[in-house]
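Please look through the structure below together with this briefing, which begins with one residue and then widens to the whole chain.

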Amino acid sequence: MIIILKPNARPADAKAIMKKISRVGLKPLYLPGVERIVLGAIGDERILRDLNLESEPMVDVIKPILSPYKLVSREMHPEDTLIDIEGIQIGDSNFTVIAGPCSVEDRRQIMETARIVKQYGAVLLRGGVFKPRSSPYSFQGLGEEGFKLLKEASEQYRIPTVTEILDEGDLVMADQYVSVLQIGARNMQNFRLLKAVGKSTKPVLLKRGMSSTIEELLLAAEYIYYEGNHNIILCERGIRTFETATRNTLDLNAVAYLKLKTHLPVFVDPSHGTGIKELISPMARAAAACGADGLLVEVHVNPREALSDGYQSLDEAEFAEFMTGLDPFVRAAGKSFNSGQGE
Ligand code: PEP
Ligand code: MN
């Protein structure tokens, strides 16, 4: 429920109402606006009805939130949420590119790739150290060694990092070495993991499950938000459909829909979304044009020798061209490239 207070209500009035809300076991939220104080109450709405808040002198309007997700909905929070990653602002009019290899493989590979992504305008470096591979015989990632290399690259090129964690147990190490925690498609509904990252202080990049609906993605984000972590970036990365020509079907409907329904930033991963090098640039441009707040792109210093996803990774020249080609689409969408300077 959203509870809009009268224009003359003071913070003390809001406090008294919030006390009533928490006394019956619901979660009260304080959402001060420019003209009015707005409160939220999360939990069983029947209990809230019994509280009869309509009769409170300072309550003007009570509106139910109709969607099953509440905290991440635009109804609850009409303005775009800006997320701060070590001084870099994600969301609103900033268009942010996160790039790097699928996996961290060795020092030379991650250092050279970090140089490339930084040089052409990415402001966050991605790199997997735990890889959720379909086959147990495929490269599984370097683990702690990978974390160390990622940190070294981050320090050398002064670029924050993103890596996927697969398990609650990975959090301790991730906390020490990286800036953003990625929850991959295969773990989007690992509710224990969602709750664990919800308690973390690190921002979360939450990827859509390959067979998940948009509503399920938003409910997964709701788990994280409910636990107290409000720094969530959603990422459309393609879904499985009957189409087999591309690795996945990149659902750009989801981007426009999410921008309507949630205040969280929405990114697109055209690398996993297409699985075909030549399609990455056109789909990235389309993502920018339909309102995405940023991209997650796989880049590798030498894609032919990559231990995972080399066929869909851009090399230096391809990434340079990718970034140049993106610019007019970012500007047409009313955004500008995030330079990472914290402007
Ligand atoms: C990745 O980003 O490398 C990855 C494994 O992505 P997804 O979880 O979307 O498959
Ligand atoms: Mn990959």
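**A residue to start from**

I183 sits in strand β10, which covers residues 180-183; strands here are DSSP runs of E of at least two residues, helices are runs of H or I of at least four residues, and both are numbered from the N terminus. The structure is a predicted model, in which local features need pLDDT of at least 70, side-chain atom pairs count only at pLDDT 80 or more, and totals for chains, interfaces and linings use all residues. Residues are numbered from 1 along each chain as its sequence is written, chains are lettered from A and ligands numbered from 1 in the order in which they are written, and side-chain values use heavy atoms, with hydrogens and water left out.

**Surroundings of I183**

- I183 has a relative accessible area of 0%, so it counts as buried, a word that means under 20% relative accessible area, while exposed means over 50% and partly exposed lies in between (1.4 Å probe, protein chains only).
- Leaving aside neighbours within four places in sequence, I183 is in contact with I165, M188, L193, L194, V197, V204, L205, L206 and K207, where contact means heavy atoms within 4.5 Å.
- Between I183 and I83 there are 100 residues of separation along the sequence, and their C-alpha atoms lie 17 Å apart in space.

**The chain as a whole**

- The protein chain has eleven helices and 15 strands in its secondary structure.
- A compact globule of 343 residues would have a radius of gyration near 20 Å, and the 21 Å of the protein chain agrees with this; the radius is taken over C-alpha atoms, and the globule rule is 2.2 Å times the number of residues to the power 0.38.
- The C-alpha trace of the protein chain spans about 70 × 45 × 45 Å along its principal axes.
- Of the 343 residues in the protein chain, 54% are buried.
- Among contacts in the protein chain with a separation of 6 or more, 69% are between residues 24 or more positions apart.
- The protein chain exposes about 15,200 Å², of which carbon and sulfur atoms supply 51%, with areas computed by the Shrake-Rupley method with a 1.4 Å probe, and for residues only the protein chains shown count as cover.

**Nonpolar cores**

- The largest nonpolar core has 73 residues, and V97, L206, L234, L295, F319, F322 and L326 touch the most other members; such a core is a set of buried Ala, Val, Leu, Ile, Met, Phe, Trp, Tyr and Cys residues joined through side-chain atoms within 4.5 Å.
- Helix α7, made of residues 214-226, gives the most to this core, contributing seven residues.
- A second, separate core has 15 residues, including A9, M18, I37 and V59.
- Not counting residues up to four places away in sequence, V97 touches A122, V123, L124, L295, V297, F319, M323, L326 and F337.

**Two further buried residues**

- V162 belongs to strand β9, residues 161-164, and is buried, with a relative accessible area of 1%.
- Beyond its neighbours within four places in sequence, V162 is in contact with I98, L124, L125, R126, G127, L150, V180, Q182 and L205.
- V162 and A174 are twelve residues apart along the chain, and 9.5 Å separates their C-alpha atoms.
- Q109 is part of helix α3, residues 107-119, and its relative accessibility of 2% means that Q109 counts as buried.
- Q109 touches P101, S103, V104, H300 and V301, when residues up to four places away in sequence are not counted.

**Two loop residues with positive phi**

- N52, found in the loop between α2 (45-51) and β4 (59-63), has a positive phi of about 55° although it is not a glycine, and N52 is partly exposed, with a relative accessible area of 41%.
- E86 lies in the loop between β5 (83-85) and β6 (88-90), where its phi is near 45°, a positive value in a residue other than glycine, and at 56% relative accessibility E86 counts as exposed.
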